[in-house]
Amino acid sequence: MWVRFVLGLLMTVVCLGIAGRRAFFLYRVGQKFQPLEAERRVDAGSAVRAEVAEVAFQRKLLRWTVPGVAHFLVFWGFMILLFTIVEAFIGLVKADFQIPIVGNFAWFGFIEDLFALLCVLALVVFTILRIQQAPKNLGRRSRFFGSHIGPAWFVLFMIFNVVWTLLAYRGASINAQELHDPANADKMGFLHGAFASQWFAAILPKTNVEFWETFFLLLSLGVLLGFTVFVTYSKHMHIFASIPNVAFARRPRALGALEPVFWQGKKIDFEDPGDDDVMGVGKVEDFTWKGLLDFATCTECGRCQSQCPAWNTDKPLSPKVLIMGLRDHSLAKAPYLLAAKNEAGEVPEGGIPEAAAAEAAKPLVGPQGDESAHVGEHGITGEGVIPFDMLWSCTTCGACVEQCPVDIEHVDHIVDMRRYQVLMEGAFPEEAGIMLNNVEHAGDPWGLGRSKRLEWAESLDFELRVYEGDKIPDDVEYLYWVGCAGALDDTAKRTARAVATLLHEAGVEFMVLGEAESCTGDPARRMGHEFLFQMLAMQNVEVLNEAGAKRIVVTCAHCYNTLANEYPQVGGHYEVVHHTTLLARLVADKRLTPVQRVDAAVTYHDPCYLGRHNRIFAAPREVLGAIPGTQVQEMPRNREKSFCCGAGGARMWMDENLGERINQNRADEALATKPDIVAAACPFCITMLSDGVAQRQQEGTAATTVAVTDVSEVLLRSVRPDLVDSLSASS
Amino acid sequence: MKIVVLVKYVPEPTATWKFAPDLTVDRAGVEGRLSELDEYAVEQAAQLAEKGVASEVVFLTVGPAKAAEGLRKALAIGGDKAVHVLDDAIHGSCALSTSLVLAKALEKEGYDLVLAGMASTDAELSVVPSMVADRLGINQATFAGELSVDGGAVTIRRDSDVASEKVTAALPAIVSVTDQTGEARYPAFKAIMGAKKKPITTWSLADLGVDASAVGLGAASVRTVDVSPTPARTAGTIVTDDGEGAAQLAGFLADRGFI
Ligand code: SF4
Ligand code: SF4
């Protein structure tokens with residue numbers, strides 16, 4: 001008894017000591033990062049709800065049924081095993097220990113053993129999945145491509161070891177009880193139900209039972225403690241880190257609005273910034289400690305990577321590899337961060353290992369045209385921690401955030417790095433500068449100017465009410481925010497006319513801002529140009545507040561997101577509806593009656609900023625479904641899993657010359673459903689998908705009759721077929 | 001070597017312009033900006049400073065109070081300081097009197113090389129650099145698509161439809177540059193903040209010794225008689241090809257004297 005106690009204690013102290021030292025080290029590194037943003041309030045209620053949903057019920061994991069259920073079993077297996085582990089630890093000093101009350105019952109032992117076996121079953125599933133989906137077989141298409149493969153296998157092996165050694169110990173314990181203390185054989189009631197432990201009891205030698213009991217007890221604790229140490233040094237950190245990470249995550253999700261720029265936890269005032277304020281993230285420690293926690297929590301599961309439009313079109317961006325790269329860099333740079341600095345804020349020569357000094361000297365984002373930059377199976381190479389093209393390939397579609405089971409905030413991190421590049425360095429894909437200049441001076445990304453903002457309405461068959469500087473009259477129900485595309489892009493102008501006509505048809509009184517409207521600032525903000533965004537937002541909010549706007553209807557998914565979710569940050573609080581929501585309501589209320597049959601197979605594409613970012617999935621489908629004759633179809637990737645058109649994140653305004661074109665990939669997916677109409681609800685998606693479909697039409701692989709159009713235009717065909725031609729002629 | 005860049009704060013070309021009762025553009029009613037064409041000159045000056053060719057870069061503008069914003073934009077791209085000639089009496093000046101004010105300001109400030117854009121995006125006259133050269137009696141080299149400065153002389157490439165000329169002018173000289181010289185950089189926010197700390201000196205006509213009666217609307221060499229909106233575009237002609245399409249197109253062009 002003494003020997004096993006001393007050995008057990010020694011093992012425990014050593015292993016927990018190592019793990020604790022590692023945890024303290026990570027904590028100290030985290031302290032070198034920025035404090036949390038002042039506006040990130042973690043309210044206990046939503047944190048608890050999130051823990052229950054994401055951790056306890058594994059909500060996001062279960063979206064992928066097979067690996068989800070397997071993970072659920074391992075998670076709950078370990079939760080139940082905790083009891084067994086407690087029993088084992090106390091077994092060090094008290095061989096016949098049983099957990100009070102429940103320990104008396106056979107069913108308790110049964111449950112413990114059942115979950116242990118289910119855990120093993122899950123391990124078998126994981127093994128099969130890992131073999132099937134090995135990067136060796138699937139290459140870039142594998143979600144594990146770029147993950148640490150060896151350590152992942154080791155984790156599976158160790159979990160297996162933890163389970164069987166615990167069961168073996170319990171088996172040995174049963175033997176010991178029965179042989180040495182027959183009078184007490186009934187005492188540990190739970191062991192009667194511990195059927196798997198009994199199997200071990202049956203095969204273990206019946207001699208030297210106490211020796212075997214001690215042996216397996218120490219072995220199981222050794223395996224467990226060794227595993228714990230390994231965990232704190234590996235991607236398996238998530239078993240601890242995910243709990244605080246979920247608690248401190250942005251709620252309801254890190255999608256929709258972007259946060260303003262913070263420095264030292266305070267919002268930066270662009271009118272009068274502090275001299276030393278750093279805008280965005282230029283060094284890894286400019287992330288908040290929640291950022292570091294994100295990096296440490298990543299399980300390398302690759303769910304994000306499997307959905308990423310950039311990755312799936314062979315671009316050098318995988319959200320997983322990006323997060324892993326930031327983690328590796330943070331840890332490699334840690335000695336530098338923790339080292340004592342001299343007065344100039346530098347680490348004295350030789351004060352830290354050379355490798356750490358070299359890592360600290362690396363720019364966070366590499367230069368444009370860096371030939372050595374590569375994102376591959378073994379992570380990232382190149383002059384910067386994150387290659388230039390990796391940073392700029394992101395469309396901010398949010399598919400990664402949507403998928404991540406541990407609530408990592410990829411889009412926020414990417415935009416924060418872009419912010420530094422744009423605001424502090426002036427470094428970004430050059431062609432996007434044209435858009436920024438246009439937005440700044442002309443008020444729209446094309447640079448056409450305010451004077452052209454009403455031309456779209458010239459062929460309307462009714463008088464459009466235009467805001468002229470006085471308060472919006474009371475009889476106006478909605479302010480119609482036409483958006484730059486709706487006002488200026490030829491295809492989107494058709495949508496603007498269709499929506500205006502439908503509203504008029506339904507008897508909805510509405511008004512447009514005309515020349516007083518300008519770009520919402522979405523492309524500037526997604527590019528990281530927060531200053532320009534703030535300027536535009538404040539200017540628009542001033543106009544809207546002066547006009548007394550209360551309810552706004554929008555046709556662009558990006559405008560919708562900005563007006564509804566981001567303008568409150570600058571004092572603009574409105575009730576914003578997307579035109580598809582409003583149209584669905586008008587149809588349901590019988591204020592619009594689709595009369596004409598539209599015999600067409602319609603495939604609907606979910607715009608990222610309408611669907612994932614704003615959860616509007618049903619309304620556009622309701623509108624399409626309400627039209628007699630339509631057959632509404634889905635692409636394989638739909639709703640939450642919709643695949644980006646390639647225009648978001650200001651990518652619309654940048655060249656796309658790496659890999660396959662995203663819009664082509666999506667257009668091909670749509671064409672594979674054999675549609676007559678591909679419908680979307682955002683002008684940028686429509687431009688992108690039109691281009692992709694036109695390409696195939698030119699090549700002769702798609703029917704020339706396939707049309708790409710807005711949901712409202714399909715509805716117009718049914719409600720006012722007589723107007724379709726006059727409103728779709730370009731003006 | 002000291003470079004002075006002439007820049008103009010113009011009404012935003014894509015906006016709707018309104019005209020004041022005196023038929024000048026109502027500057028209060030329209031946003032303004034640093035003329036896009038002048039940004040090329042600003043960029044060239046910034047590059048010459050970065051190459052160590054220029055030791056000092058100064059931006060000079062003549063314009064209303066808000067023209068200082070144009071100077072700030074230029075200072076965000078590069079340069080050391082700026083001069084703003086601001087005087088109510090200048091309102092409505094024509095190119096000739098503007099060139100007088102600029103010449104006087106240049107004399108007062110001192111320069112080795114003067115850079116300017118190829119034209120302003122509002123009046124689009126392209127004559128001011130030549131007028132300034134004449135008033136100062138210095139060399140001029142206009143419409144430079146490329147420029148370099150070497151040992152007391154500036155050399156430019158000047159492209160026309162038929163030839164590409166290489167022209168060299170001894171300093172002091174004035175050079176106007178075209179959009180061929182290369183897009184101006186997009187200033188980072190840090191540079192914009194930095195620009196706020198660079199000095200802008202304001203001079204009045206009196207500071208320059210220019211008599212107010214020599215400039216302004218009254219002294220203008222051209223007079224605006226009337227302002228009316230551009231007539232709306234008329235609908236185009238659509239030719240449907242019924243086998244005769246080519247002939248119809250040719251006919252359309254022939255009618256208008258294109259072929
Ligand atoms: S937001 Fe979209 S494009 Fe960007 S990393 Fe995530 S999945 Fe990829
Ligand atoms: S970021 Fe999230 S989804 Fe992506 S690999 Fe890491 S844990 Fe998985």
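These legends describe close-up views of a predicted model. Local features need pLDDT of at least 70 and side-chain atom pairs count only at pLDDT 80 or more, whereas totals for chains, interfaces and linings use all residues. Residues are numbered from 1 along each chain as its sequence is written, chains are lettered from A in the order in which they are written, and side-chain values use heavy atoms, with hydrogens and water left out.

View 1. Domain 2 (289-338 + 356-425) and domain 4 (593-728) of chain A, with bounds from an automatic or database domain assignment, have C-alpha centres 31 Å apart. In this view, 21 residues of domain 2 of chain A are in contact with 21 residues of domain 4 of chain A, where contact means heavy atoms within 4.5 Å.

**View 2. A salt bridge links Glu402(A) and Arg615(A).** Their closest N and O atoms are 2.8 Å apart, and a salt bridge is defined as a side-chain nitrogen of Lys or Arg within 4 Å of a carboxyl oxygen of Asp or Glu. Between domain 2 of chain A and domain 4 of chain A the count is 2 salt bridges.

**View 3. Chain A touches chain B.** Here 27 residues of chain A are in contact with 15 residues of chain B, and the two chains bury about 1,700 Å² between them, 53% of it on carbon and sulfur atoms; buried area is the accessible area (1.4 Å probe) that two parts lose on being put together, summed over both. Met424(A), Asn437(A) and His441(A) supply 29% of the area that chain A buries against chain B, more than any other three residues.
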